[in-house]
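Here is a short report on one protein chain.

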Amino acid sequence: MKNPFPKQILRKLLSLKSLRQEQGLKYNPRGFFKSARTRKSQKSTLAILILTLCLLTQCQSPKGLGYQGNPLFAWLGGGTAEKKADPVSIYQRYPQFFVDSYEFPVGGKFGEGFYIAQKFGVENPKFGYRFHLGEDWNYIGGGDSDFGSPIYSIANGIVSLTADYGGGWGKIVRIVHKHPSPEKGQFFFIESLYAHLYTIEVEPGQMVRKGEWIGTIGDAGGSYPSHLHFEIRAGFGSALGGGYSFGTDGFFSPTKFLIAQVSKEKLMNEDQFAPALEKSLAP
Ligand SMILES: [Zn+2]
C-alpha cells in the first residue's frame with residue numbers, strides 16, 4: 001500500500017515537541033501532571049487514530065497489524081526511520097578495504113557460549129511452514145539471559161542500513177562485505193543482517209572491522225525471548241522480506257558459510273551449536 005501521508009508532515013504531527021508547542025509555554029507550577037496527562041492522552045488519541053486509519057486502509061498482516069517498513073508504526077515502536085548509505089561509492093574510495101577473515105556474530109570469536117535455537121532453512125509451522133532464512137542465536141543460559149549482549153560484525157564491511165521497523169523485526173543493522181573471490185583481483189559482495197536488536201551502535205556509511213561491536217541483543221520490543229536473528233545474503237540491497245519464505249534462494253546458511261571460512265583456524269561443525277538445554281523454538 002502506498003503511504004498516503006508524506007513523512008515530513010507525519011513527523012511534525014507526531015512529535016511530542018509540536019504537541020507541547022501547541023499548548024504554549026505557560027507558567028503553571030501545579031499544572032505539570034495535568035499537562036503531562038494531556039500530552040499522553042493526545043498521544044494515545046493520535047495512536048488510536050493512526051491504528052484506525054491503518055485498519056481502514058488494510059495495512060494488515062495475518063498476525064495482526066503490519067508494522068514492517070511503515071513509518072507510522074516506527075513511531076509507535078519508539079523507533080527511527082530507515083537510514084541508508086551506498087556501500088559501492090565508499091568501496092570505490094577505499095579499494096584496499098575488504099574481507100580478510102570471518103568471526104561469529106555473538107559470544108566468543110567462534111560463537112562460544114551461544115547456541116542456535118532455530119537453524120537456517122527449518123520449516124516453521126508458526127509461519128505457514130515457510131523456511132527460516134536466518135539463524136536464531138541464544139546464550140546458553142536461555143530465555144532473556146543474552147539481553148543486551150554485544151553483537152559483532154562478522155567481517156570487515158560497510159554499514160549499509162540501520163532501521164527500527166518495530167513489530168516482528170525491531171531494530172536492524174545490515175552490513176555489506178566485499179569478499180575476495182578465488183580469481184585474483186576479483187571480488188563478490190555478501191551482506192550480513194542482524195535483527196531484533198536492543199541497541200544499534202553504528203551509523204550507515206561506517207566502515208567496521210571484523211569483531212567490532214555493532215549493537216546489542218534484544219527482543220524486538222518484547223516480541224520474543226531475546227535472541228539474535230542473523231542472516232547472510234548473496235549480493236546486497238535485496239528487499240527486507242519477512243525472515244521466512246518458501247524458498248531460500250539468495251540466502252546462505254550462516255553457520256555453514258562461517259565454518260567454511262574459519263575452518264583453517266579451527267575444526268568446527270554445525271552440530272556443536274545444537275541447543276544444550278530443552279527449549280522451545282525461538283520465533
Ligand atoms: Zn529468526
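This is a predicted model. Start with L228. Beyond its neighbours within four places in sequence, L228 contacts P105, V106, W137, I151, Y194, H196 and I217.

**Cores**

L228 belongs to the largest nonpolar core, which has 37 residues. L228 is among those with the most contacts inside this core, together with I151, I172, V173, Y194 and L197. Several elements each supply at least two residues of the core: β4 (114-118), β7 (135-139), β8, β9 (157-164), β10 (171-180), β11 (187-197), β15 (228-234) and α6 (254-262). Another core, of five residues, lies apart from it; L133, I190, I232 and F251 are among its members. In soluble globular proteins, nonpolar side chains tend to be buried together.

**A three-stranded sheet**

Strands β8, β14 and β12 form an open sheet, in the order β8-β14-β12, with antiparallel pairing. The edge strands are β8 (150-152) and β12 (199-200), and each pairs on one side only. β14 covers residues 213-216 and is joined to β12 by two bridges.

**Confidence**

The mean pLDDT of the protein chain is 78, and 69% of its residues reach 70 or more.

| Stretch | pLDDT | Contacts beyond near neighbours in sequence |
|---|---|---|
| Residues 1-40 | below 50 | 16 contacts |
| Residues 50-78 | below 50 | 41 contacts |

Where pLDDT is low, the predicted coordinates should not be read in detail.

Note on methods:
Residues numbered from 1 in each chain as written. Predicted model: local features only at pLDDT ≥ 70, side-chain atom pairs only at ≥ 80, totals over all residues. Pairing = 2+ DSSP bridges. Helix = DSSP H or I, 4+ residues; strand = E, 2+ residues; numbered from the N terminus. Core = buried A, V, L, I, M, F, W, Y, C linked by C-beta atoms within 7 Å. Buried ≥ 20, exposed ≤ 12 C-beta atoms within 10 Å, placed from the backbone. Contact = placed C-beta atoms within 7 Å. pLDDT = per-residue confidence, 0-100.
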